[in-house]
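Have the sequence and the structure open side by side as you read.

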Amino acid sequence: MLNLAFFSESVFMAEIAAEQKENIEQQEVPKEEVSSAAEVMQTMVKTSKAFKMYLSNNPLLHRFLEELKTKMGSHLAKYSELKLDIDQFELRYKGKTVYENRDPKDSLAFKIYSDGIRSLIFSEGMEDKEISDFLEIVGKDRPSDIDDDIVTLLWMKDLPHVTYILAEDYLEFDTSHAGPTAPTSQQENIKGLYKAIPTLSEVVPTPMLIPQNILSLNEDEISWLKKAKELDEKRNPLDEVVQILFSILSVEKDFSVFGDFVDITANLIGNLIHSGDIHYAVHLIRFLRELSKNETLSSSHKDRLAKAMEVTVSEDIVKDLQEIIDTSDKIKPESLKELLLLFDKTAIKQICELLGIVQKMEMRKVIVDTLVEIGKDSSEVFYPFLTDNRWYLVRNAVIILRRIDNPVSLEPVSKLICHKEPRIRKEVLLYLAAVPDVKAKAYILKFLHDEISALRMHALKVLADSKFHGALKPVFEITASKEFDDKDISEKKAVFEALGELGSDEVVPIFKDMLMKRYWFNKAKEKESVVLAVAGLRKIKTDAALNALEEASNVKKDEIKAVITQALRFISAEKAKVLTK
Amino acid sequence: MSEMKSEQLEREMIRIGKTLINQVFVLFKTAQNYEEGHSAINATISNILKIVREIHRRNEEASLRVYGGYLLLGELRLKPDAAGFDSFMFTMGEMKRYYIEAINFTTSVSAEEIGKFAYIFREIEPIPSPQTFQKFHQEMQRRNILGIEIESLSEEEVIEEGDSSELKDSKVRAKKVYFQTVHAVSEVMENAKMGQTLKLRKSKRVVQGMIDQLLAAETNLIGLTTIRSHDEYTYNHSVNVCILSLAIGQRVGLSKAHLCELGMSALFHDIGKADIPLEVLNKPSEFSKEEWETMQRHPIHGVRKLMKLKGLDALSARIITGAFEHHLNYDFSGYPKVPSYKILSLFGRIISISDCYDGLTSSRVYSRVPSPPDKALRFMMSRAGKAYDPILLKLFINSIGVYPIGSLLLLSTKELAVVMQNNPDPGKWSTPKVKIIADADGNEVDGEIFDISDPEAGKAIVETVDPQKYKIDVTRYFV
């Protein structure tokens with residue numbers, strides 16, 4: 001059994017530090033040299049900060065870099081190397097401190113020390129690009145848990161004039177037991193061998209015929225290797241892992257192992273969504289769906305699978321998705337739709353939550369489209385969102401219900417008629433307009449008194465277009481109300497148009513009175529009265545309407561007459577059109 | 001845009017540099033095989049001249065320089081890939097043998113001078129001393145070669161054969177890296193057994209160190225793979241598979257970053273064994289049917305362990321693939337049986353080869369009786385194209401040798417020798433470098449390492465011997 005014993009780093013480091021100190025004390029370091037090293041360090045620190053703050057083409061960064069290259073080049077030319085000993089917060093050159101910063105968040109020494117580097121050596125011949133590459137590595141912040149630390153990055157970069165010594169390089173390992181224990185001398189065993197091999201005197205060397213093709217690569221093989229290497233460099237490791245998971249899940253019989261892999265896959269899906277790798281997440285979810293339909297799978301396996309898939313869309317996933325959607329372009333609309341469509345009805349609630357937090361309009365539309373598709377047989381899932389305090393979520397829920405077009409949603413939606421948010425009321429009105437049920441039209445009547453003019457006018461139009469006779473009286477009452485005079489002309493016209501549509505010949509006498517009425521001292525009022533009546537009559541288009549207009553035309557003058565005449569022409573033309581058809 | 005262009009130019013120069021090295025290698029070999037003046041060498045000389053002119057046309061220096069285990073073209077570092085690995089190693093080796101650090105083809109170099117230069121290598125027998133360089137340089141002057149300049153090897157580049165301090169240092173470093181890795185693996189595996197989160201940073205560091213060591217002095221590290229585990233408490237097997245996989249990966253031409261991923265993947269390919277009962281793992285005799293079935297579950301356990309304890313990132317994905325695939329076999333005849341899994345990754349194929357070789361030569365697994373290295377290799381070769389990727393298996397043989405490192409050989413002089421290193425010359429792979437451990441009378445000796453292909457040695461290989469059968473420990477010669 002191998003017995004590895006090693007000394008702790010601290011003991012060794014203390015010994016080495018003491019030894020170094022002794023060596024250094026014995027040789028005086030010229031002040032000029034230390035000062036040169038310190039200057040290089042100051043410039044390096046300044047430049048590394050600039051790397052963090054500025055883009056690579058920033059002129060200030062370039063200036064610092066040039067300065068560093070000059071100073072470094074000058075020091076190396078004079079002293080052939082710059083070796084820095086790294087302490088936790090300090091960098092020392094030949095025992096002298098040339099840099100110190102005790103703030104762990106800011107200290108270059110701390111950063112390098114934390115990654116295990118104990119000495120850094122810059123050698124003569126160091127090229128400009130090496131300096132930039134070095135600063136690129138040490139200058140940028142990285143999460144501490146990733147495997148690509150400063151040492152790995154320096155190693156991969158392989159800078160010929162930058163070397164380092166690590167903490168582990170100081171550790172010793174007891175290698176005296178390098179395998180099974182063996183006697184110091186093998187004489188006995190060798191003798192045994194020589195006894196066992198008979199007729200050694202007849203030993204004749206037989207040339208070993210090595211076919212050249214075993215040893216050398218031919219052109220095709222070289223070409224294959226090159227392609228294999230290139231393919232390997234381009235591959236996405238996730239492809240293989242996904243394939244491995246598919247393979248294992250397809251054949252694994254052991255329930256516990258199967259369950260573990262199902263959980264692993266579900267976790268992976270969550271992680272992939274978190275990182276925006278939607279394509280793979282979709283791939284995995286589809287696979288699990290297909291697997292659950294596999295007839296060779298036992299019922300216990302299927303149950304296990306179903307259970308894992310239930311929790312596929314968690315709150316965390318919703319938050320992760322929202323963050324990626326709103327802060328990056330990693331997820332395309334079609335990918336998002338693809339992912340959401342894979343979730344079943346049980347995920348509607350979570351997807352609605354997603355809808356409630358996503359900011360990007362385009363993506364909200366995608367989510368709405370998807371919810372319509374998923375929820376077409378489950379309208380009731382959306383009802384709780386009708387009372388959400390996020391107005392846009394409520395509005396979107398109404399939109400979804402309208403598009404699903406299920407009349408059972410009428411009651412819950414109609415409760416929003418008096419919602420304080422006009423944008424919600426608008427959607428409710430649209431919903432009610434789309435529902436053929438006469439009850440919906442009755443609900444629309446309430447919009448006739450909405451505080452928003454556009455909603456009132458739209459309600460009038462809807463009622464008129466639907467020929468809902470029950471609206472005639474309420475609309476007429478509007479004309480008699482105190483507030484009517486304060487409405488703007490477009491709304492007034494809308495009211496009378498609605499009256500005309502709804503009342504037809506029944507209201508012609510009223511319009512005729514309005515046409516004929518004289519306002520001796522208020523021509524503006526007279527004109528308005530005529531305009532409104534004409535608006536209503538234009539919608540009626542019957543002979544009665546025509547007669548009323550003709551009569552008024554004979555009586556009125558100037559621009560009022562012109563209005564009437566125009567209306568006459570319009571109605572005549574409309575009638576002629578009808579006759580021609 | 002200018003950055004892209006400069007990258008493209010660099011790539012082109014790298015391609016030109018590799019071609020130059022290949023042609024220089026051919027030049028050396030042709031000069032060895034044919035007398036001076038033979039026309040066989042003319043085509044190669046002409047190629048070299050063309051390449052040199054092309055380099056000069058681009059205002060670059062047409063020089064090859066040995067530097068820290070690499071060859072540089074001017075200042076551009078050239079990394080060998082699968083196609084050129086051996087020519088690289090051989091060219092670098094030859095330059096070092098003659099204590100030449102750099103060869104510079106000047107703008108005035110002629111075809112005649114290139115030819116004369118090549119034959120100096122044939123004429124002068126190098127001795128392990130800087131005097132070799134002096135001799136070489138004098139010969140160049142005598143032959144009036146002005147268009148080629150050479151520089152002598154600097155101290156850092158000199159590693160002498162035998163027990164020089166540099167070589168010792170290199171071996172010590174290899175040993176340190178090896179045992180650091182064993183320690184790092186054991187920490188992770190113990191965490192895995194206890195179901196704790198896996199932290200791989202330390203392992204990654206040691207794998208990086210291992211790659212550096214491999215690039216600098218591959219043989220030392222491969223030699224340490226003769227350290228065999230005999231139980232499941234130690235993790236030599238994981239480390240050996242890592243080293244052997246990296247040796248293949250290096251020959252494939254993987255970048256350092258990819259080598260690191262491969263190393264990590266190989267290091268933890270057996271992490272699933274943390275879930276196999278120890279009494280099964282360490283059973284001294286053959287497995288029963290049920291025990292074997294339990295054992296065959298470890299790839300799936302490995303995937304489960306990694307996904308639960310490490311989560312998924314680019315590195316862990318690689319390790320997961322290695323853990324899952326390493327027993328599938330090239331033709332998917334292995335395990336686990338997963339009909340829907342159709343493509344074996346490059347890493348899976350590499351690790352499969354290394355794992356099998358180390359497994360066959362250990363006493364832990366399969367038949368519980370280890371095979372000698374050459375027998376293991378022959379077994380694997382018989383299954384090339386079925387269990388093992390045939391091309392990658394070739395690369396594997398290239399790295400450990402036809403007589404794998406650690407093989408015990410009986411020589412024609414009746415001496416016993418251990419294979420210490422592959423011969424860098426591809427034409428001499430059947431004659432490795434060996435160390436004599438017993439004389440013709442069977443007396444144990446501490447012999448020098450020498451090249452069997454050297455005619456002056458006057459020795460030849462008779463047969464391989466199974467060290468396990470005679471309880472001869474070969475590991476001690478590498479540690």
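## A:K46 and its partners

The side chains of A:K46 and A:E67 are joined by a polar contact of 3.2 Å (a pair of N or O atoms within 3.5 Å; within protein, one must be able to donate a hydrogen and the other to accept it, and residues adjacent in sequence count only if both atoms are side-chain atoms). This is a predicted model, where local features need pLDDT of at least 70, side-chain atom pairs count only at pLDDT 80 or more, and totals for chains, interfaces and linings use all residues. Residues are numbered from 1 along each chain as its sequence is written, chains are lettered from A and ligands numbered from 1 in the order in which they are written, and side-chain values use heavy atoms, leaving out hydrogens and water.

A:K46 sits in helix α2 (residues 31–53) of chain A; helices are DSSP runs of H or I with at least four residues, strands are runs of E with at least two, and both are numbered from the N terminus. With a relative accessible area of 32%, A:K46 is partly exposed, because that class lies between buried (under 20%) and exposed (over 50%), using a 1.4 Å probe and protein chains only.

## A:D369 in helix α17

Helix α17 (residues 361–374) of chain A holds A:D369, which counts as buried at 18% relative accessibility. A polar contact of 2.8 Å links its side chain to that of A:R403.

## A sheet in chain B

In chain B, 5 strands form an open sheet in the order β9-β8-β7-β6-β10, with antiparallel pairing (two strands pair if DSSP finds at least two bridges between them). Its edge strands are β9 (449–451) and β10 (461–465).
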